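Colleague: I would like to go through some of the labels used for this model. Please set each one against its rule.

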Amino acid sequence: MENKKQQLNNNEQPIKVEYTRYDAGTFSLLATVAPLVMQAIFVAIVVYRFGINYTTSQDPLIIAIGLLVPQLSYLAAWMLFNVFNPIKICSANKLSSKIAYKNILPLVAIALICVLGINGLMEVLFQLINGWGYGKAGSLSLVMNSFPTYLLGLFVMAVVPAIVEELFFRGVIVNGLKEQGIKWQIFGSAIIFMLAHGNLLQMVYPFVLGILLALILLKTKNLLACMLVHFVNNFVVVTATYITTITKSTFVPALSPLFIIVSIVFAVASMLASLMLIKKLKTKNNVVSTKTIDQIPDKQTNAEISKNGANTLLYLGIAVLVIVWVFNVILQFKGV
């Protein structure tokens, strides 16, 4: 007891082993604020310092850096938060150094089934919203018309997001929402993940993927498993885009009632198949006990007292995400 009192008297900040609902609320707000701040810095440097219009630039490197801006903002926010709020990184994020070998094939299968099964539904959504006048004016698009640009695309759109977004959205938000209940961990985190993508086209798929990744984390208690699924998913998309570009394939299926029905059926079937595979995943047993944090019981008491404040922060973060998402959608409909 004397040691504990001495720690508190010396204002020494204890090391946590779990993220809390307050942390999840903070990151739901950072999901909007961090990219906006980083984007402002990027524009100030690229546009005002070097006079480059990055939205119309054809330089793959400039485009790649622009695409990395949100990812770098997430990573910076995650790192700074953990520095100023000491926490056991691996325990809190459920980050392991390896994946159970029996889980590798099912995880790869989940990623493939998900991306291929929902592809048709995404095509339906794409044609519908484009017919309504939705555009992607001002958005960055890396043209992968050579193998070097393909490798660059893999790094920017597959490797980096698989690591950074999992640390941010699953590592902190899903784990931090534990106090809110499993529904918040699964569906709440998926909504935050969906809104963070900031456009109408990426509304369905990030939500579905967010649900599956949250379930995988809760089942395996291993963030590395989520990173693998996320990477394979993005790898397939990037590779398919590259092949389409170099072969100049322009096949677009007709938007018929039959195609819509078949796409919905395939999407539902892929979701069900993914859920079945998730149930068969092996669970990691060496879970860190949450009681380790009771070395400083006053911190737990304070966390309980601040429950309402944490919930307010979480709802505020989601509200800001919704506002920014709606604003982006309106701009893209106007073609601004």
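Colleague: What makes the contact between the side chains of Glu18 and Lys178 a salt bridge?

Modeller: First, the basis: this is a predicted model, where local features need pLDDT of at least 70, side-chain atom pairs count only at pLDDT 80 or more, and totals for chains, interfaces and linings use all residues. Residues are numbered from 1 along each chain as its sequence is written, and side-chain values use heavy atoms, with hydrogens and water left out. A salt bridge is a side-chain nitrogen of Lys or Arg within 4 Å of a carboxyl oxygen of Asp or Glu. Glu18 and Lys178 have N to O at 3.5 Å, and the pair is a salt bridge. Glu18 lies in the loop between helix H1 and H2 and Lys178 in the loop between helix H7 and helix H8, so the pair ties together parts that are 160 residues apart in sequence.

Colleague: Why is Lys178 called partly exposed?

Modeller: Buried means under 20% relative accessible area, exposed over 50%, and partly exposed in between (1.4 Å probe, protein chains only). Lys178 has 47% relative accessibility, so the label is partly exposed.

Colleague: How do you know whether Arg21 is buried or exposed?

Modeller: Arg21 has a relative accessibility of 8%, so Arg21 counts as buried. Arg21 also forms a salt bridge with Glu179, with the closest N and O atoms 3.7 Å apart.

Colleague: What is the N to O distance in the salt bridge of Arg170 with Glu166?

Modeller: The closest N and O atoms of Arg170 and Glu166 are 2.7 Å apart. Both Arg170 and Glu166 are buried.

Technical notes
Helices (H or I, at least four residues) and strands (E, at least two) are DSSP runs, numbered from the N terminus.
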